[in-house]
Amino acid sequence: MRLTRLLVAMTLFLAASAGMTQAAEEAPAPPTKPAVENDGLKMFVGNWTCEGTANLGPAKTAKIKATAKVKNELGGFWQSFVYTEHKTKDYPMAVTAMGTWGWEPQSKKFVRAEFQSSGGYATGTSAGWSGDTMIWDLEVSNFMGKMTSKHTFTKKGDKEFVHKIDAKMPASPAPVTIFEVTCKK
């Protein structure tokens, strides 16, 4: 009786092992080139000079200047970006943000992770371009608290875009425009 149980257990183990080996052998190969959706990000590659307006509080704004550097990474599957605002007397809270974005095929969305010199970070997704507009839905955590925001990019041509962030601040009843900036190559 014990020998029969042992043989049954060994047979089941070997059958399960064979099934796992077969499943491992049938696993799809990783992609050899980036998804075609990443072509939608190609326009960002390069060095940009940016100018615009930041919201500093109720009825108070400041002119801002920034630079952006974007490059393809990891075989073109991702892009890295560094966005650096320049500190001025009128805009003392300049931030540098660095991050990565690209197409994520399982969710069929662009994904993004960003880290900021002020200790904050943001993660989010975008469905991609709708005409000349790409909107990122972001979850942000920084010195002001946790909030949601929409980061909208609008193409103005091959060498110009506008980006704007509207955030639902912890204490505000409605989203507030944090900044609106035009970037040119």
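Analyst: Buried residues make up 31% of the 185 residues in the protein chain. Please keep in mind that this is a predicted model. The protein chain has one helix and eleven strands, and along the sequence the pattern reads α-β-β-β-β-β-β-β-β-β-β-β.

User: Why is Phe-81 called buried?
Analyst: Buried means under 20% relative accessible area. Phe-81 has 8% relative accessibility, so Phe-81 counts as buried.

User: And what makes Trp-101 buried?
Analyst: The cut-off is again under 20%. Trp-101 has a relative accessible area of 4%, so Trp-101 is buried.

User: Why is the pair of Phe-81 and Trp-101 called tilted?
Analyst: Planes under 30 degrees apart count as stacked and those over 60 as edge-to-face, with the rest tilted. The planes of Phe-81 and Trp-101 are at 40 degrees, so this pair is tilted; the ring centres are 4.8 Å apart. Phe-81 belongs to strand E3 and Trp-101 to strand E4, and the pair links parts of the chain that are 20 residues apart.

User: How many aromatic pairs does the structure hold?
Analyst: There are twelve aromatic pairs. One of them joins Trp-48 and Phe-161.

User: How do you know that the charged end of Lys-155 sits over the ring of Trp-129?
Analyst: The distance limit is within 6 Å of the ring centre, and the charge must also be within 35 degrees of the ring normal. The charged end of Lys-155 is 4.3 Å from the centre of the Trp-129 ring, and it is listed as sitting over that ring. Likewise, the charged end of Arg-112 sits over the ring of Trp-136, at 5.4 Å from its centre.

User: Why are E7 and E8 called paired strands?
Analyst: Two strands pair if there are at least two bridges between them. E7 (residues 129–130) and E8 are joined by two bridges, so they qualify, and they run antiparallel. Trp-129 stands opposite Met-134 in E8. E7 and E8 form a hairpin with two residues between them, and Gly-131 in the turn has a positive phi of about 65 degrees.

User: Which other strands pair with E8?
Analyst: Strand E6 (residues 121–126) pairs with E8 in the antiparallel sense over five bridges, with Tyr-121 bridged to Ser-141. E8 and E9 are also antiparallel, over ten bridges; Leu-138 stands opposite Ser-149 there, and a hairpin joins E8 to E9 through two residues.

User: Which residues touch the most other members of the largest nonpolar core?
Analyst: Phe-44 and Cys-50 do, in a core of 31 residues. The largest share, five residues, comes from E2.

Conventions: Residues numbered from 1 in each chain as written. Predicted model: local features only at pLDDT ≥ 70, side-chain atom pairs only at ≥ 80, totals over all residues. Heavy atoms only, no water. Core = buried A, V, L, I, M, F, W, Y, C linked by side-chain atoms within 4.5 Å. Buried < 20%, exposed > 50% of the residue type's maximum accessible area, 1.4 Å probe, protein only. Helix = DSSP H or I, 4+ residues; strand = E, 2+ residues; numbered from the N terminus. Phe/Tyr/Trp six-rings, centres within 6.5 Å; stacked < 30°, edge-to-face > 60°.
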